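Student: I should like to learn how to read the features of a structural model, one at a time. May we begin?

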Amino acid sequence: MGRRAALAIGAMMLATAPAAAARAQTPEPAYQVGQPPPDMPPADGARMAELEVQATTAIAAGDWAAVERLLGEGLTLEQRHYAPDDARIGHSWGWLARAAIEQGRAPQEVIPLAEKRLEIAEKHPEDGATLAAALFLLGEQLLAAGQAEAAVPFLTRAETVLEGLGEASKGDLRITRVRRGMALAATGDKATAARLLGDALAELRADPSADGGERAYVAWEFAVVSYDLDRYAEAEAAFRLVFEHRAATGRTRDEAIAGYWLANTLLLLGRTAEADVVMRRVVALETAAAADARGLTLAQVRKAAIEHGDRMRTAGDLEAAAAAYRLAVQVNRAEPDSGAYLAAAVSRLGLTLQEQARYVEAETAQREALELWRQVRGPGHADVATQYERLGRTLLRQNKSLDAMRAFDEARTIRTALGQETDMGVLRDQAEAAEQSELLQTALQRREEVVQRLRAETPPRRTALAANIASLAHVHFLLDDYGATERLYREALSLTEEPVLRERIMTGLAMALTSQGRGEEGEPLQRQVLAEVTARAGPVSVDSAIAMSDLARILAVRGDPARAEPLLHDALAVFEAQPEPDRGRIATVKLNLGVALSDLDRHLEALQQFNEAFRIRREVFGAGHARTVKVIELIIFEYVALGAYGQAEPLAAQLAQLTRDRVGADHPILAKALQRHAYVLQSAGRYAEAERLMRQAADIMQRRSQDPRDRIRYDANWGVTLLDSDRPREALEVFRRAEAGLVERRRTATDPSWSRNEAEGFRFLHRFAVQAAWEAATAPSP
């Protein structure tokens, strides 16, 4: 903190000196009623006596306005009947000065009164106490008026006079030295000031009967000068004395001021943990105080509260961090033109609330911060991009994946325009949001960006690279790119020896192998994972249950749901027995159990599991989330399998409308919902309605999907629907377009195994569909 700020604090404390310090040297001897001169007219004598009695009463009552009025009238009588340099007149000038001070008059108004007081006291040098009081009064008022150089000589003379008075003046001498030290500090002679103030403080510390307020007052002045001299150890001890005294006496405003400076000094001494203990108290005091009763300035709050919050957040003390940021928000919100400061505070508060898993509050704060940054910086600034990214993370943690994607996309657009790279953590979050939204091509692009950057690092971070290659492999798996999935998982496995990560990679590899029809390799690999996890974590641990449910999935893919079912029941029992069950994971196991039961033609039991999974996912993720929609799809298909079209069709229609409301009328996610609805209608024999929906779905995919396979699939399904609708010529045209897409796909494929696996499925469909369409198209018309 700069020197000017420290001196400003010192001046403020001077203006609000504790009562004990103000009384340490009495400006005037006690006011006493005296005898009037023998030649004074009786009427004046009687009035003067009356005024003196009334003034004495007013002084005792602290009615300084009355004191000023009464002594003003009395002074007029005194000047009429006493000599100009009479000591009594001098005392009256002194008490008038005291009355002005007590009423809060500016030092410039008091100085003329003090000068008149000293002028008369100089004529009576034999009265050392009165002369010292007059010198002190004028020096103190000059100091308070900012005329430190002018004050020094008067305070020095006062000190000399008091030294000659002996032990009786010890207290007065000490406070005079304190004032001289303050004056010297203000003139720049801080070394002498520190010596004087240090001696006074040592004297007060050694005196158990010394007034605590005076001790704290002197300690403050010594601390300020020591701080300015970079003597932080001495300053820390003195600031601490003041801080503890203010706390003990309940002076919360002054406690906050002292605490702020104590914390600053501790930071300069490298004692950060102690500084933050003090700052927690300062934050609490300032938060509880009314706006006009706070001790810290706006600049101090803006700096100290934010920096303290940042340190607490880094240390993991999120409650303390949030409290500091809230104070910064509270103070900045009350100030005009504090946009950037307020935006920074609100943004940090939102980030901390997110880390506390208080997502609703976090989202509110992040949206406010975003609007503030847009106003302050403009819509294309890097700070706006950062805020979009923070908002995206907050939305993602609430499973609002599509909203998160929009925020991430806004941030990416800004950074691209600025020529900036997106942080890898943000890319990973964006990929996660895209996966949750089933925007797999976007997820693939973001995962590839992260892996590409990690591959370029020297030296490589092998474990981080392995984890992110595994995440990339998972996206390829979701895209049915099993050859690429296998290759990437094997690479990731070669890069790390970290046990938990290897287990995750081996599970992904086992699933990829099984999905390629190589279950004889995949199942033993997953059983190895289960054995290793059980040895590491125990047979009834969450990790073992996860490995068990993954083995069940592999068995189901191999066409063996009977062996998968008991594993899923066992895994579900472990998850449900946890003190704080992971409800999202429980829903996933119920979903997989429902699939196994459906494959066993136990459709009513499957529906029960699906309905329970739907209830949980709706509560955890929301009704429109992709994970919840997935369960609804399975429920719809189960109704179709049971022939319950009357229940399946309204549910499919409702889901399509919900999707339209959520993503709009021209989105690939809507195309999937329309195709699902068309499937139900087609199964119910309502071909014309089904064809209309399939046409809409295929049209959306042709225009909006990033994945060419989606365009091929949707055209193929539309063609089948056209055949069922007895429209073979139109079906033929659609099939030809799908086949052309497949040929182009095979021609441009870079992964032979992927191309081969992909082609096998499409070849059968197209061979059958094109043949059927051709036969229908060439048959004679009825």
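**Reading the model, feature by feature**

Tutor: Let us start with burial. Gln354 is buried, with a relative accessible area of 9%. The residue lies in helix 17, which spans residues 339-355.

Student: Which residues does Gln354 touch, not counting residues up to four places away in sequence?

Tutor: With those neighbours set aside, Gln354 touches Tyr359, Ala362, Arg390, Arg393, Thr394 and Arg397. Separation along the chain and separation in space can also be set side by side. Gln354 and Gln398 are 44 residues apart in sequence, and their C-alpha atoms are 9.8 Å apart in space.

Student: Before we continue, how should confidence be read?

Tutor: This is a predicted model. Where pLDDT is low, the predicted coordinates should not be read in detail. Here the chain averages a pLDDT of 89, and 91% of the residues score at least 70. Over residues 1-33, however, the pLDDT is below 50; this stretch has 73 contacts in the model beyond near neighbours in sequence.

Student: What is the relative accessible area of Asp710?

Tutor: The value for Asp710 is 15%, so this residue is buried. Asp710 is placed in helix 35, which covers residues 708-724. Not counting residues up to four places away in sequence, Asp710 touches Met701 and Ser705.

Student: And where does Met182 lie?

Tutor: Met182 lies in helix 9, residues 170-187. Met182 counts as buried because its relative accessibility is 8%.

Student: Which residues touch the most other members of the largest nonpolar core?

Tutor: They are Val178, Trp220 and Phe239, in a core of 226 residues. Helix 11, residues 212-228, gives the most to this core, with 10 residues.

Student: I should now like to read helix packing. What describes two packed helices?

Tutor: Two packed helices are described by the angle between their axes and the distance between the axes. Take helix 29 (residues 583-599) and helix 30 (residues 603-621): they pack at an angle of about 160°, with their axes 8 Å apart. Because of that angle, helix 29 is roughly antiparallel to helix 30. The crossing of helix 29 and helix 30 is left-handed.

Student: Which residues of helix 29 and helix 30 meet?

Tutor: On the helix 29 side, the residues include Ile586, Ala587, Lys590, Leu593, Gly594 and Leu597. On the helix 30 side, they include His603, Ala606, Gln609, Phe610, Ala613, Ile616 and Arg617.

Student: At what angle do helix 23 and helix 24 cross?

Tutor: The axes of helix 23 (residues 462-478) and helix 24 (residues 482-495) cross at roughly 165° and come within 8 Å. That angle is why helix 23 is roughly antiparallel to helix 24. Their crossing is left-handed. Among the residues making the contact are Leu465, Ala466, Ile469 and Phe477 of helix 23, and Tyr482, Leu488, Tyr489 and Leu495 of helix 24.

Student: Finally, how should backbone geometry be read?

Tutor: Most residues other than glycine have a negative phi, and most peptide bonds are trans. Against that background, Asp480 has a positive phi of about 65° although it is not a glycine. Asp480 is found in the loop between helix 23 and helix 24. With a relative accessible area of 33%, Asp480 is partly exposed.

Student: What is the phi of Glu438, and where is the residue placed?

Tutor: Glu438 is not a glycine, yet its phi is positive, at about 65°. Its place is in the loop between helix 21 (424-436) and helix 22. Glu438 counts as partly exposed, at 30% relative accessibility.

Student: Which residues does a cis peptide bond join?

Tutor: A cis peptide bond joins Thr458 and Pro459, with an omega of about -5°. Pro459 is placed in the loop between helix 22 (440-456) and helix 23.

How values were computed. Residues numbered from 1 in each chain as written. Predicted model: local features only at pLDDT ≥ 70, side-chain atom pairs only at ≥ 80, totals over all residues. Heavy atoms only, no water. Helix = DSSP H or I, 4+ residues; strand = E, 2+ residues; numbered from the N terminus. Buried < 20%, exposed > 50% of the residue type's maximum accessible area, 1.4 Å probe, protein only. Contact = heavy atoms within 4.5 Å. Core = buried A, V, L, I, M, F, W, Y, C linked by side-chain atoms within 4.5 Å. pLDDT = per-residue confidence, 0-100. Axes fitted to C-alpha atoms, helices over the stretch in contact; angles between N-to-C directions. Parallel < 35°, antiparallel > 145°, perpendicular 65-115°, else oblique. Left-handed = near helix turned anticlockwise from the far one by under 90°.
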